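Please find below my notes on the model.

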Amino acid sequence: MVTQDATMKSKEELKERLSKHEVISGSEILLRSLLLEDVDCVFGYPGGAVLYIYDAMHGNPDFNHLLTRHEQGAIHAADGYARASGKVGVCIATSGPGATNLVTGIATAYMDSVPMVVITGNVISSLIGSDAFQEADITGITMPITKHSYLVRDVVDLPRIIHEAFHIANTGRKGPVLIDIPKDVSAAKTLFKPVTEVSIRGYNPTVSPNKLQVDKLIKAIEQAERPLILAGGGVVYSGGHEELLEFVTKTQIPITTTLLGLGAFPSGNDLWLGMPGMHGTYTANKSIQSADLLINIGARFDDRVTGKLAGFAPLAKIVHIDIDPAEIGKNVPTDIPIVGDVKTVLQLVNQQAKRADKADEWRAQLKASSEQYPFSYTDSEDELKPQWVVELIYETTNGDAIVTTDVGQHQMWAAQYYKFNKPRSWVTSGGLGTMGFGFPSAIGAQMANPDRVVVSINGDGGMQMCAQELAICAINNIPVKVVIINNQVLGMVRQWQELIHENRFSHIDLAGSPDFVKLAEAYGVKGFRAANKEDARAVWEEALRHPGPAVVEFVVRKNENVYPMVAQGSTIDQMIMGDAE
Amino acid sequence: MKKHTIAVIVNDQPGVLQRVSGLFGRRGFNIESITVGSSEEAGLSRMVIVTSGDDHTLEQVTKQLYKLIDVIKVIDLSSNPMVARELALIKVNAEPAARPEILGVVETFRAAVVDIGTHSLIVQVVGDTEKIDAMVELLKPYGIRELSRTGVTALNRGSAK
């Protein structure tokens, strides 16, 4: 308690010191404002247009900046930080190429509604528009992939803009906000007064739902014989996981959680049917197709979940709870629209929610189906199976790790075989499907959660898209456990070429990949490799015990496919069940 | 495909036109015309956009526009009685012999001749889109050299808002 009080006190002292009205530069205003927004870790990369900003960091003990080895690493790390903490992720890059290297990461965050404030430098104001050295119109480039953006024209506006940016990023439907600061603005001095109020006329997200719509939902539950909940990332982002559990406990309605919704609901619960969609469970997909009431809570009916829209949930009355009114009715016609913050909506719903009494037969039917059709694969004693590797990771971390993934087969296997019980334990690029995301996002997740085990599961393809960040794990001793599921091919592309393009395998062979153990060691990170079960368990347990970062390469079967699979353009009940059928 | 006329009240900020037009472009919404100018309130501009699509498209357009921070209000003007006007300047071939005939057309349309050259004149016409279309059709036989239309600006009538 003493130390906690001391921390509190020093925090308050810091706040007082930062809030002092003084004439300082735009760069100092930026750093102070970020600290006042409670930012404890920033990822970035310096350059010409942000020299004043980095100069202000020099010798500043309060400001914690991690130098990545690529701006792409910085933005994915900030994203992982945000997803694993619920706080706003922050990254800084210079103008031109620095800024454009952030584009994929900004789009990744935008698609998955991740709160971020992205700071870029720009050339001196008078040079803007002249094709100056390292000039890029980054506010223009990122307009379709940011929630909002600012080009700061006057240093006087900077405190307000930063405060607004944090507010916009982390309220309503969350998302990345970009602040572009020309070099002369970061150098200019002005009297700093912290801004603590926001008033943005055109921005007022609806948090509390329409009561009449909530009543309609309650009534629909009473009448439903085959009700089903489809919960998504919105539950995690609103912090509504406890309310969701209460809702399910009260109503006893079976629930499926989307890829981004994994962890929003305890996977051990009897009513959980697993993930729906392209690689979802048999039972989740079948239940959507036969439900008479589908309650979407904070999911956006993404095409990977719905399959062919025309045949999606054909029998169901659709309820859609979402903070973003534009999502309601966008893809699926909705009978009961409820606009509001998921947590707030569920609190209100829970006051009236009762057990869905007509659904006993349905519950029993789905439970039996879940037992009959779990995710399954044919194990092997000769070669490592990727699914088995994920099960090993799950078992040895007691299901309590933060897992980040890259994109592809390993991502789906991680989603299928790692069973999450807590929100913000699962960091994956769902909407954009960004390769290169898995490893750097784990660095951010670990920075936000120094005391938790962070496992980053990658393929041998995606790992090579951002491997350089091993450097910052090594020098800062960030103890991320980096798993590489190495099947020597671009597995998901291979799978589609096998199943949909009649075995015409085109450019999927990753021959020429580095020796990942040596690669790790070259950066000063411990490296391990295993190609059979016995070694796999031994090296993995050793990696977990190792106090620092570690890379563990699992050499797995080359031609393994992810099943079940719904081919693009099919309805979700048309599943290819695969070899373990 | 129904035509819709919508007014979008936006902050008078650099880049706001790009935000709005970019949104239409990337979401596949059609813009038939767009006009921007100041509104009754300082600091706010009024855009009037003519778009086409079914009701579902219009609903999405409206909702997506509201997601832009610089958008203050979106009004579906065409759902209520409205006055919609555009202005066109038409430079038409006009040898002295043809002038009386052209002036006859201009007068009938309550349009105006705003410039007379040796071989051409500029006709200014104000009205709804159909009126201007008709005027253009009638002047075509004389040979239209240049045509510039402002696009529609509009307000709802009377107390309708």
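**Notes on the predicted model**

1. Chain A is assigned three domains: domain 1 (16-192), domain 2 (211-372) and domain 3 (386-562); such bounds come from an automatic or database domain assignment. Residues are numbered from 1 along each chain as its sequence is written, and chains are lettered from A and ligands numbered from 1 in the order in which they are written. This is a predicted model, in which local features need pLDDT of at least 70 and side-chain atom pairs count only at pLDDT 80 or more, while totals for chains, interfaces and linings use all residues.

2. The centres of domain 2 and domain 3 of chain A, taken over C-alpha atoms, are 31 Å apart. Between them, 13 residues of domain 2 of chain A are in contact with 15 residues of domain 3 of chain A (contact: C-beta atoms, placed from the backbone, within 7 Å). The domain 2 side has seven nonpolar, five polar and one charged residues. Here Ala, Val, Leu, Ile, Met, Phe, Trp, Tyr, Cys and Pro count as nonpolar, Asp, Glu, Lys and Arg as charged, and the others, Gly among them, as polar.

3. Chain A has an open sheet of six strands, ordered β3-β2-β4-β5-β7-β6, with parallel pairing. Strands (E, at least two residues) and helices (H or I, at least four) are DSSP runs, numbered from the N terminus, and two strands pair if DSSP finds at least two bridges between them. β3 (65-67) and β6 (148-151) of chain A each have a single partner strand, so one side of each lacks a neighbour in the sheet. From one strand to the next the twist averages 20 degrees.

4. Within chain A, β2 (residues 42-44) and β4 (residues 89-93) pair in the parallel sense over two bridges. A:Gly44 is opposite A:Ile92 of β4(A).

5. In chain A, the axes of α13 (residues 282-290) and α16 (residues 360-372) come within 9 Å and cross at roughly 150 degrees. Axes are lines fitted to C-alpha atoms, for helices over the stretch in contact, and angles run from 0 to 180 degrees between N-to-C directions. α13(A) is therefore roughly antiparallel to α16(A) (the term covers angles over 145 degrees). A:Thr283, A:Lys286 and A:Ser287 of α13(A) make the contact with A:Leu366, A:Ser369 and A:Ser370 of α16(A).

6. At the chain interface, 15 residues of chain B are in contact with 14 residues of chain A. α2(B) gives the most to the chain B side, with five residues. That side divides into three nonpolar, six polar and six charged residues.

Terms used
Parallel < 35°, antiparallel > 145°, perpendicular 65-115°, else oblique. Contact = placed C-beta atoms within 7 Å.
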